[in-house]
Amino acid sequence: KKLLYYKKINSTQTKLKTIADAVAREGVIVCADVQTGGYGRMKREWSSSNGGLWFSMLLKPALRPDEVSKLALIISLALNRVFKQKYGVKTNIKWPNDILFKGRKASGILVDMSAEQDIVNWVVAGIGINVNNVLPKELKNISVSLGEILNKFVGRAQLLAQFLCVFDEIYAAFKKSGFKIFVKEYNDNIVFINESIKIDTGFDIIEGVNLGIDGDGKLILKTPKGLEKITAGTVVKGK
Ligand code: BTN
């Protein structure tokens, strides 16, 4: 594996995307201490001060573009496993890929891709983990850091190594056996299961009871009109 490390960068995501076509092998990682233009899903700003783990990883999976969202789901599963099994922190997953601790966000994942027709050229997965960084006060209610949860300094190099180790295992199993083998673990760790939630799909707001994901990684909501399968969106908590 190759790691490109920066003290300060605009965004590891932007950086890796600009070189992704030229890099043949998957696994290259761009990591930075500080991002001056870190961003998240829906182009939202991502607070990336010193002490957090901010990195992007290049993948070249043999997938169709419509299957790439499954990758984001298995990355969140890998992160959730690391938090739970390596750090003893009881996190769970907010569909599709936020890692929460007691309702506050410890980590976010962003997946960008380049595709032509039915072929995926590359996927750049951006992962932001609040580790020892001090969160700005406007984020304190909705975000949390691993250091704050454990009340101690957490080594970022070790955290990255642990993530890569767990992810490699999950990614290999995904390539070999597909996504379905992860559905149970995902649903066992999903927040708001069997609760009424609202999803903003970007087009409209769908409300229903959260039945978890199906074998394609779609979220199933039980609505008055019947079951709805949602491919992409953001949970905006219901009642
Ligand atoms: C989200 O929850 O909206 C996703 C946040 C992703 C943040 C990471 S930090 C490393 C990489 N570089 C970026 O600019 N964003 C991602």
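Analyst: Helices here are DSSP runs of H or I with at least four residues, numbered from the N terminus. The model is a predicted one. Helix 2 is followed by Gly88, whose phi is positive, near 65°.

User: How do you know that the span of helix 2 agrees with its number of residues?

Analyst: Helix 2 comprises 20 residues, 68-87, and at 1.5 Å a residue these should span 28 Å. Its end C-alpha atoms are 28 Å apart, so the two values agree.

User: What makes Leu73 and Ile74 of helix 2 buried?

Analyst: A residue is called buried if 20 or more other C-beta atoms lie within 10 Å of its own. Leu73 and Ile74 are buried, and the buried residues of helix 2 also include Lys70, Asn80 and Phe83.

User: Why are strand 11 and strand 12 called edge strands?

Analyst: The open sheet has 5 strands in the order 11-10-9-8-12, with antiparallel pairing. Strand 11 (226-230) and strand 12 (234-235) each pair on one side only, and they are the edge strands.

User: How do you know that strand 8 and strand 9 pair?

Analyst: Pairing requires at least two bridges. Strand 8 (residues 196-200) and strand 9 (residues 205-213) are joined by 5 bridges and run antiparallel, so they count as paired. Asp200 stands opposite Ile205 in strand 9.

User: Which residues come nearest to the ligand, and what classes make up the shell around the ligand?

Analyst: Of the 21 residues around the ligand, the nearest are Ser11, Gly40, Gly108, Gly126 and Gly128. The shell has 7 nonpolar, 11 polar and 3 charged residues, with Gly counted as polar.

Terms used. Residues are numbered from 1 along each chain as its sequence is written. This is a predicted model: local features need pLDDT of at least 70, side-chain atom pairs count only at pLDDT 80 or more; totals for chains, interfaces and linings use all residues. Helices (H or I, at least four residues) and strands (E, at least two) are DSSP runs, numbered from the N terminus. The expected span of a helix is 1.5 Å times one less than its number of residues. A residue is buried if 20 or more other C-beta atoms lie within 10 Å of its own, exposed if 12 or fewer, and partly exposed in between; C-beta atoms are placed from the backbone. A residue is near a molecule or strand if its C-beta atom, placed from the backbone, lies within 6 Å of it.
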